Amino acid sequence: MEKELLEKIYKLRKVSPADDFVSDTKQSILSQEETVEKESVFFSPAFQHGLVMAGAFAFLVVFVQMALPLVPQYEHYVAHHPREFVEEEGEKEEEANRVAEHEGGERMEVAEKEEPVQKEFAALEEGLREIQRQVFGTKISSETGEERVSYSDKEIAEYLVAEMEGEDTQVSTMTMGVQEETEDEDEDKVERAKKALEREEYGKVFDIYLE
Amino acid sequence: MFPRKPDKKKEFSKIYDENVTQIYRFAFLKVGSKDEAEDITSQTFLKVWKSFKNEETKKDFKSIRAYLYKTARNLIVDHYRRAGAENKADDKMASKKVPFENIVLKDENMRADEKAILSSEIAQIREALSKINEDYQNIIIWYYLDELTISEIADLLNKPESSVRVLIHRSMSALKKELNNGNFKS
């Protein structure tokens, strides 16, 4: 009976899956695996980390490529616009000079070409003002009794107008060789000087005084 | 950076070829339906492959055959649960007689009448098998049909090997009794 039973059981071994099912299932599982593997590669932390690093590197490269051309432009600006640069940068003037000198003295040469006329005018102007201050400052000082060394343009102009109006001053003989004019002419001068004073054109007052 | 593992595919392919027939047969004898057995078989191998490709879960494999049967058995249990939820009256579907045309036989050189006789015998044995205790069913399939070792069966049933030996003896007695009671004559 045992043998007969086993023979019956062994007949069950004849049960088998269909051949097409076996091959199709195998193919299906392997193809699904390929998809899973691809997904796992793209979504793996290592891949994502690599992606972030690559992105950061690409950004750095682009940034450097964009920034590099600006360096010569900056240097060119410093070399050709020292005055503006100094005004803008203030305390970096020394550094700018150093850079300019490094460029072969270009900055200094350019500056020297541009500045002489302006410098000359500025020196003349300043010298004239200094003379005005010294001469008329002294006058005003002797008039008012104050002991200030110099006076403002306005004070000088007011003093000159007052003098031209014929007020009682003692400095008419000290007017640097200016000769006395007629009364009509003086009145005209005084009027123009007053207007110039009102307009705060102190240099013009001085010119009128010297006429 | 992303090493591919072609060896695993080869390894899986070998495991599949060696075990697909047994797993299909196990599923077929349990559920009694060709389509459902095919479905369970493909799901079993897919699940096992997903675990197999993972080095961590692969370490837990004592025996790949035991793991395959364990997975298939869980899927069969799920199958019965679904069937029970859909139709309470059809709980005993596994014990239904299987139509001959539903049985796929290995030997294609048999004559049609021989095939019919064999299919009939297989259907009778399967019916008798489906009526005995589930552990007995499993032991008869695993030990006598698929020739799993006692150690593998002990692992599958989570029982000591000595208990498995006792169960083997009892399962044969139970099947013999069922065949005699059910008038299953070859």
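Two residues count as in contact here if their C-beta atoms, placed from the backbone, lie within 7 Å. With that in hand, we can walk through this predicted model, starting where the two chains meet. The contact between them draws 24 residues from chain A and 33 residues from chain B. On the chain A side, helices α1 and α2 (19-43) each put in at least two residues. The largest share of that side comes from α2(A), with 10 residues. Sort the chain A side by class and you get 14 nonpolar, four polar and six charged residues.

Now zoom in on one piece of that contact. Helix α1 of chain A (residues 2-11) meets helix α5 of chain B (residues 112-130), their axes coming within 9 Å and crossing at roughly 110°. Angles from 65 to 115 degrees count as roughly perpendicular, so α1(A) is roughly perpendicular to α5(B). Who does the touching? From α1(A) there are K8(A), I9(A) and K11(A), and from α5(B) there are L118(B), E121(B), I122(B) and I125(B). That set splits into four nonpolar and three charged residues, with no polar ones.

Let's take the chains in turn, beginning with chain B. Of its 186 residues, 34% count as buried.

Leaving out residues up to four places away in sequence, I23(B) touches T41(B), T44(B), L68(B) and A72(B). Is I23(B) buried or exposed? The cut-off for buried is 20 or more other C-beta atoms within 10 Å, and I23(B) is buried because it has 25 of them. There is also a pairing across the sequence to look at: I23(B) and R65(B) are 42 residues apart along the chain, yet their C-alpha atoms are separated by 9.2 Å.

Chain A is also built from helices, with 11 of them and zero strands. Buried residues make up 14% of its 211 residues. Among contacts in chain A between residues at least 6 apart in sequence, 45% join residues at least 24 apart.

In chain A, E200(A) has a phi near 65°, a positive value in a residue other than glycine. You'll find E200(A) in the loop between α10 (183-198) and α11 (202-210) of chain A. With 12 or fewer C-beta neighbours counting as exposed, E200(A) is exposed because it has 11 other C-beta atoms within 10 Å. In chain B, the residue to look at is E147(B), where phi is near 55°, again positive in a residue other than glycine. E147(B) lies in the loop between α6 (134-145) and α7 (150-157) of chain B. It has 10 C-beta neighbours inside 10 Å, and therefore E147(B) counts as exposed.

Finally, how far does the predictor back all this? The model scores ipTM 0.80 and pTM 0.52. Chain B has a mean pLDDT of 81, and 78% of its residues reach 70 or more. Among its elements, α6(B) has the highest mean, 91, while helix α3 of chain B (residues 55-58) has the lowest, 63. Over residues 88-93 of chain B the pLDDT stays under 50, and the model has four contacts for them beyond four places in sequence.

Chain A averages a pLDDT of 73, with 61% of the residues scoring at least 70. Within chain A, confidence is highest in helix α3 (residues 45-67), at 88, and lowest in helix α7 (residues 106-114), at a mean of 56. Residues 168-181 of chain A have a pLDDT below 50, and beyond near neighbours in sequence this stretch has seven contacts in the model. Where pLDDT is low, the predicted coordinates should not be read in detail.

How values were computed:
Residues numbered from 1 in each chain as written. Chains lettered and ligands numbered in written order. Predicted model: local features only at pLDDT ≥ 70, side-chain atom pairs only at ≥ 80, totals over all residues. Axes fitted to C-alpha atoms, helices over the stretch in contact; angles between N-to-C directions. Helix = DSSP H or I, 4+ residues; strand = E, 2+ residues; numbered from the N terminus. Parallel < 35°, antiparallel > 145°, perpendicular 65-115°, else oblique. Nonpolar A, V, L, I, M, F, W, Y, C, P; charged D, E, K, R; others polar. pLDDT = per-residue confidence, 0-100.
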